[in-house]
Amino acid sequence: METEAPINEVIEEIKESGGDAVKYCYQCGKCDTVCPWNRVTNFSMRKLIREATFGIPEIDLEETWRCTTCGKCPQECPRDVKQIDDVVALRRIATDYGVSPAILKPVRSANASLAAEGNPLGAERAKRADWAEGLNVKTFTEEMEVLYFPCCYVTYDQRLKEVAQATARILGKAGVEFGILGTSENCCGESIRKTGNEETFKSLARENIKTFIDRGVKKILVSSPHCYHTFKNEYPEFKANFEVVHTSQYLLELIDEGKLQINKECKKKVTYHDPCYLGRHNGIYEEPREFLKKIPGLELREMNESRDNSLCCGMGGGRIWIDTDMAERFSNLRIEEAIGLGAEMLVTSCPYCIDALEESRSGLNHEDVIQVKDITEILEELI
Ligand code: SF4
Ligand code: SF4
């Protein structure tokens, strides 16, 4: 490859799409050493970056869509090469040229559903608030303290609806004045942006921002670290700044203020899985642990790969829509690690992680060995 002449037009295009930092790479390979893909198959971010610096990225290959944007290699890179920005730049170029390998078929469907119904699941917009039936959840109005914004998966997915329902019951018990936007909600757009579909992201973001401003929203409570990340770090690109709080932070606040009391014991060995977009991307490590430590009888055991060393579940960067071979799922490793620690319950705070971990739990026939729960689901049972 070193003998190839650089293709300057392509190098310029990568730069314009946000991948200028590829030029700083000195090929040390540290990114490949820490990348979780190399625990289950072979994948080289170093090689992708190398090809990009020469203007010869192979954007028609699956490799361009492998990175889950977990954030592990950017924190190890000695040259601040910004691997996530670089890979998203390549995906943007591929999307603009209409280059789309077969594995991206579900991403194309998700994109079409986002444009038509505001969610990536092909579900009807009219059913967006069905999860709240019978829970006395109101539509958000300006005088309310907080807007609860459940992510698309928490809204529609049968298993993940339980997270939204637990959250609504907890907020009700704590006497929080909250509401939802129901059919006026759109996907936050975080994951589709990471697949390179920038136009879809912008359109979703603009619609959400307009709705938030029109309805007088100031504080947004989210279940998903992906919504958290986008509202907090990406919507300000549109000059829109809202106070954003994740459930793991807010519920701890409610307990500390005496608005929620933990009345029961949970005599279980529990471990906590740090979601990439809550931990590495946003530095929220302590609140979920502080909350778990408040539960009488609960024994918190830490996995080796925790906090900024956490193992990705495999669902970020749009991989939630891309089929991953059962043998290549990082979440299998995570379930095994938790079981090896003697944990009876694996607690986390991200719908994508729950989805991946539940699939691995059942795929590995460990349903009787370990439970997977969101932080809200464990709290709901104890108050
Ligand atoms: S860790 Fe950074 S400098 Fe080293 S190969 Fe990877 S991108 Fe290049
Ligand atoms: S961000 Fe994570 S998944 Fe992507 S290349 Fe780096 S370590 Fe691998």
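1. This is a predicted model, in which local features need pLDDT of at least 70 and side-chain atom pairs count only at pLDDT 80 or more, while totals for chains, interfaces and linings use all residues. Residues are numbered from 1 along each chain as its sequence is written, and chains are lettered from A and ligands numbered from 1 in the order in which they are written.

2. By class, the shell around ligand 2 comprises ten nonpolar, four polar and one charged residues, where Ala, Val, Leu, Ile, Met, Phe, Trp, Tyr, Cys and Pro count as nonpolar, Asp, Glu, Lys and Arg as charged, and the others, Gly among them, as polar. The shell numbers 15 residues, the closest being Cys 35, Cys 67, Cys 70, Lys 72 and Cys 73; a residue is near a molecule or strand if its C-beta atom, placed from the backbone, lies within 6 Å of it. At least two residues of this shell come from each of helix 2 (30–34), helix 5 (72–76) and helix 6 (83–96). Helices (H or I, at least four residues) and strands (E, at least two) are DSSP runs, numbered from the N terminus.

3. Around ligand 1 there are 15 residues, of which Cys 25, Cys 28, Cys 31, Cys 77 and Val 81 come nearest. Helix 2 and helix 4 each contribute at least two residues to the shell around ligand 1, and helix 4 gives the most, with three residues. The class division for ligand 1 is nine nonpolar, three polar and three charged.

4. How do helix 4 and helix 6 pack, and at what angle? Helix 4 (residues 45–53) and helix 6 make an angle of about 60°, and their axes are 11 Å apart; axes are lines fitted to C-alpha atoms, for helices over the stretch in contact, and angles run from 0 to 180 degrees between N-to-C directions. The two helices are therefore oblique to each other, given that angles under 35 degrees count as roughly parallel, over 145 as roughly antiparallel, 65 to 115 as roughly perpendicular and the rest as oblique. Helix 4 passes helix 6 in a left-handed crossing, a crossing being left-handed if the near helix is turned anticlockwise from the far one by less than a right angle, and right-handed if clockwise. In this contact Met 45, Leu 48, Ile 49 and Ala 52 of helix 4 meet Gln 83, Asp 86, Val 87 and Leu 90 of helix 6, two residues being in contact if their C-beta atoms, placed from the backbone, lie within 7 Å. The contact residues of helix 4 and helix 6 divide into six nonpolar, one polar and one charged.

5. Helix 6 is also crossed by helix 1 (residues 8–19), at roughly 115° and with axes that come within 8 Å, and this crossing is right-handed. Among the residues that meet are Glu 13, Ile 14 and Ser 17 in helix 1, and Asp 86, Leu 90 and Ile 93 in helix 6. The contact of helix 1 with helix 6 divides into five nonpolar, three polar and four charged residues.

6. An open sheet of five strands, with parallel pairing, has the order 1-3-2-4-5; strands pair if DSSP finds at least two bridges between them. Strand 1 (138–139) and strand 5 (243–246) stand at the edges with a single partner strand each, so one side of each is left without a neighbour in the sheet. Strand 2 (residues 146–149) runs parallel to strand 3 (residues 178–180), joined by two bridges, with Gly 179 in strand 3 as the bridge partner of Leu 147. Strand 2 is also joined to strand 4 by three bridges, again in parallel, and Tyr 148 stands opposite Leu 221 in strand 4. Helix 12 (residues 225–234) lies across strand 2, strand 4 (219–222) and strand 5, running at about 160° to strand 5.

7. A further open sheet has four strands in the order 7-6-8-9, with parallel pairing. Strand 6 (residues 269–272) and strand 8 (residues 345–348) pair over three bridges, and Val 270 has Met 345 in strand 8 as its bridge partner. Helix 16 (residues 351–363) lies across strand 8 and strand 9, running at about 170° to strand 9.
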